[in-house]
Structures are given as C-alpha cells and as structure tokens.
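Visitor: I have a model to look at and a few questions to ask. Shall we put it on screen and go through it together?

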Amino acid sequence: MKVAGQLVCNDVTTIVHAAINSAGIAWLPFDIARSYIQQQQLVPILTEYSLEASQLWAVYLSRSYQSPLVRAFIDFLSDSWQQDILPNK
C-alpha cells in the first residue's frame, strides 16, 4: 500500500529485508534490529528520535496459583524486555 509517497507494510520481515537491500529506511523495535545492527547489515540513523516506552503485560491467575516455572518465565521476560528496550543501560 502506498500512503503519501511512502510504502506501508505491516510485515516486519519484509521491512527488514527491504532496509537490508537498500530499499529505504525502517523504524524497527530494538529487539528486532539489534542482531542486524551487530552483524552490520543495518546501521542506526536518527538515533535522537524515539517512541514512548513500550509496555509488556503478563496475564496470569493469582499469585497463590502461580507455579515457580511461570514466575521464572515472567522474570525472564521482564529482564529480556528491559535489555531490549533500554540498550544503553
């Protein structure tokens, strides 16, 4: 779809491949872009611009029914998410 001279796509894989193949620039979440940046397939630009912080919600039954495995998974997600959205910390 084309919107005001821009190509719009909601498939992140297509967007990444387009940017890697010099078809334009892409605004990607850090957790997706990080490996491509590390492999020097993508180069960060306009780094002074950012979106508001994202939120991740874990929905589960009350803590009294929560297994240690579920708690460990939620802790893992929380730690991983913070590293992905806060790359400079």
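**A guided look**

Visitor: Let me start with Asp-75: what is its relative accessible area?

Guide: Asp-75 counts as partly exposed. That class lies between buried, under 20% relative accessible area, and exposed, over 50% (1.4 Å probe, protein chains only). For Asp-75 the value is 36%.

Visitor: Before we go on, what is the mean pLDDT of the protein?

Guide: This is a predicted model, where local features need pLDDT of at least 70, side-chain atom pairs count only at pLDDT 80 or more, and totals for chains, interfaces and linings use all residues. Residues are numbered from 1 along each chain as its sequence is written, and side-chain values use heavy atoms, with hydrogens and water left out. On pLDDT, the predictor's per-residue confidence from 0 to 100, 75% of the residues reach 70 or more, and the mean is 79.

Visitor: Where in the protein is confidence lowest?

Guide: Where pLDDT is low, the predicted coordinates should not be read in detail. Confidence is highest in helix α1 (residues 12-20), at a mean of 91. With a mean of 53, the lowest confidence belongs to residues 2-3, strand β1.

Visitor: Which pattern do the secondary structure elements follow along the sequence?

Guide: Helices (H or I, at least four residues) and strands (E, at least two) are DSSP runs numbered from the N terminus. The protein has 3 helices and 2 strands. Read along the sequence, their pattern is β-β-α-α-α.

Visitor: Back to Asp-75: which residue does its side chain meet in a salt bridge?

Guide: A search of the whole structure finds 1 salt bridge, meaning a side-chain nitrogen of Lys or Arg within 4 Å of a carboxyl oxygen of Asp or Glu. Here the N to O distance is 2.9 Å, and both residues lie in helix α3, 4 residues apart, about one turn of the helix.

Visitor: How many residues make up the largest nonpolar core?

Guide: A nonpolar core is a set of buried Ala, Val, Leu, Ile, Met, Phe, Trp, Tyr and Cys residues joined through side-chain atoms within 4.5 Å. The largest one includes Val-16 and Leu-28, and Val-16 also touches Ile-32 and Tyr-36 (a contact is heavy atoms within 4.5 Å). Buried residues make up 9% of the 89 residues in the protein. The count for this core is 5.

Visitor: What accessible area does the nonpolar surface patch with Ile-45 have together?

Guide: Patches take residues with over 30% relative accessible area and no salt bridge, joining like charges within 9 Å and nonpolar side chains (Val, Leu, Ile, Met, Phe, Trp, Tyr) within 5 Å. This one is formed by Ile-25, Val-43, Ile-45, Leu-46 and Tyr-49, with Ile-45 in the loop between α2 (30-38) and α3 (68-85). By the Shrake-Rupley method with a 1.4 Å probe, counting only the protein chains shown as cover for residues, the patch has about 580 Å².

How values were computed
Lists of a residue's contacts leave out its neighbours within four places in sequence.
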